[in-house]
Amino acid sequence: MPNIVFHQVNKRFDERADRHVFRDLNLHIRKGEFTVLVGPSGCGKSTLLRMIAGLEPVSGGELSFDELRVNELPPVKRGVAMVFQNYALYAHMTVYDNIGFGLKIAGLSKAERHALILDAARQLQLEELLQRKPTQLSGGQRQRVAIGRAIVRKPTAFLFDEPLSNLDANLRAQMRAEIAELHRKHGVTTVYVTHDQVEAMTLADRIVVLSRHGLEQFGTPDELFDTPANLFVAGFMGSHRMNLVPVDEPHAPLLQLLTGQSPAALAAAGIGTIGARPEDIELSDGSAASVQLVERLGAESLVHLTVASSPAPLCALSNDRSIAFGQGRAVRMPSHKLHRFDPEGNRIAP
Ligand code: ADP
Ligand code: MG
């Protein structure tokens with residue numbers, strides 16, 4: 001099982017144009033880890049996976065599995081298995097044959113194939129469904145078959161490209177737990193693309209955050225959540241978006257409430273933006289802010305508040321069921337939980 005290492009990797013689709021999907025990308029995916037890639041649509045997540053799989057050539061730099069340079073190594077020799085969002089099953093084949101197809105191509109005997117297929121089917125609870133065709137399966141079952149087809153090959157790495165996006169919420173949660181269990185059991189290096197925050201935070205040992213400009217941050221879920229490296233990561237990670245307040249005169253009342261300081265004092269300290277997570281804001285009886293909107297989420301509510309003439313609302317998470325439009329609240333933000341960013345958008349260490 002290899003470490004997957006990108007060293008100064010460039011990728012562009014049009015060799016004549018200067019538009020790069022990746023420029024000088026450095027990334028060290030550790031062996032055995034569950035690494036999740038997140039980022040907005042079009043930032044290059046699928047391209048990055050396809051480069052690892054060998055389905056997409058690297059335009060420059062070096063991609064290696066441990067010390068072995070794989071830039072020129074064809075996909076079949078890389079020993080990685082990829083699972084796609086759309087399952088990509090063979091419609092005319094049974095579940096049994098779909099799972100065993102890659103093994104047949106690899107030249108395994110019927111008996112060897114049979115043992116591996118049954119073992120995978122047992123792990124994925126597909127034993128009762130082996131003689132069905134894909135059209136006779138639910139979305140979750142189809143995705144299990146696609147995963148089964150990947151695990152029978154005993155790959156050195158698993159690559160998942162938004163594998164659960166087509167499933168409904170309950171099934172997603174169940175499959176998420178199954179994928180976590182598979183990784184726990186086999187410990188195979190896994191690279192997993194998702195746009196789902198919960199999937200990223202729960203599955204990952206480490207998360208790679210990508211934007212159109214490339215790699216923004218690479219760290220554990222806690223590191224990204226507690227110490228986002230810049231405004232992009234701060235705004236992107238977390239199931240409730242961080243409040244990001246620009247240090248300027250119009251936001252003075254809100255800044256005063258959160259930090260106890262004026263825009264001038266904050267700017268003099270080199271701060272360009274103040275960040276406050278909705279989870280960290282404490283509401284109590286008072287009138288400093290007025291409730292503009294309440295979004296009920298079940299146990300909690302996301303409360304949008306306006307503070308004097310500040311142009312943007314402040315969002316706070318609250319479990320107060322009595323809170324309603326038009327009410328007033330006092331706002332307290334513990335200063336050690338504030339995030340501070342410089343005018344370039346980079347995190348300032350406290
Ligand atoms: P993501 O998976 O993060 O949504 P992709 O990796 O699919 O993003 O795409 C990254 C960028 O590369 C996009 O701008 C996309 O239009 C471009 N791209 C992807 N595949 C091709 C291709 N085969 N030819 C040309 N451009 C492509
Ligand atoms: Mg994609």
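Select α2 and α4 together, and look at how they cross: the crossing is right-handed. A crossing gets that name if the near helix is turned clockwise from the far one by less than a right angle, and it is left-handed if the turn is anticlockwise. Helices here are DSSP runs of H or I with at least four residues, strands are runs of E with at least two, and both are numbered from the N terminus. You are viewing a predicted model, in which local features need pLDDT of at least 70 and side-chain atom pairs count only at pLDDT 80 or more, while totals for chains, interfaces and linings use all residues. Residues are numbered from 1 along each chain as its sequence is written, chains are lettered from A and ligands numbered from 1 in the order in which they are written, and side-chain values use heavy atoms, with hydrogens and water left out.

**Stop 1: α2 with α4**

Stay with this pair. The axes of α2 and α4 come within 7 Å and cross at roughly 30°. Axes are lines fitted to C-alpha atoms, for helices over the stretch in contact, and the angles run from 0 to 180 degrees between N-to-C directions. The two helices are therefore roughly parallel to each other. For the angle words, under 35 degrees is roughly parallel, over 145 roughly antiparallel, 65 to 115 roughly perpendicular, and the rest oblique.

Now show side chains. V95, N98 and I99 of α2 meet V145, G148 and R149 of α4, where a contact means heavy atoms within 4.5 Å. By class, this contact has 3 nonpolar, 2 polar and 1 charged residues. Ala, Val, Leu, Ile, Met, Phe, Trp, Tyr, Cys and Pro count as nonpolar, Asp, Glu, Lys and Arg as charged, and the others, Gly among them, as polar.

**Stop 2**

Which residues of α2 are buried? They are V95, Y96, N98, I99, G100 and L103. Buried means under 20% relative accessible area, exposed means over 50%, and partly exposed lies in between (1.4 Å probe, protein chains only). What covers these buried residues includes α3 and α4 (139–151). Just after α2, click on G107, which takes a positive phi of about 90°.

**Stop 3: α4 with α5**

Next, select α4 and α5, which pack at an angle of about 15° with their axes 11 Å apart. That makes α4 roughly parallel to α5. α4 passes α5 in a right-handed crossing. From α4, G140, Q143, R144, I147 and I151 meet L171, Q174, M175, E178, I179 and L182 from α5. This contact has 6 nonpolar, 3 polar and 2 charged residues.

Two residues of α5 are worth a click. L171 lies in α5 (residues 169–186) and counts as partly exposed, at 22% relative accessibility. Its C-alpha atom is separated by 28 Å from that of S318, 147 residues apart along the chain. Q174, also found in α5, is partly exposed with a relative accessible area of 37%. Q174 and Q141 are 33 residues apart in sequence and 12 Å apart in space, C-alpha to C-alpha.

**Stop 4: α1**

Go to α1 (residues 45–53), where 7 of the 9 residues are buried. Those are K45, T47, L48, L49, M51, I52 and A53. G54 follows α1 and has a positive phi, near 90°.

**Stop 5: R329**

Select R329 in strand β16 (residues 328–332). Is R329 buried or exposed? At 8% relative accessibility, R329 counts as buried. Its side chain makes a polar contact with the side chain of Q327 (3.3 Å). Such a contact is a pair of N or O atoms within 3.5 Å; within protein, one must be able to donate a hydrogen and the other to accept it, and residues adjacent in sequence count only if both atoms are side-chain atoms. Leaving out residues up to four places away in sequence, R329 touches residues including L283, S284, D320 and I323.

**Last stop: the whole chain**

Zoom out. The protein chain has 10 helices and 17 strands, and buried residues make up 48% of its 350 residues.
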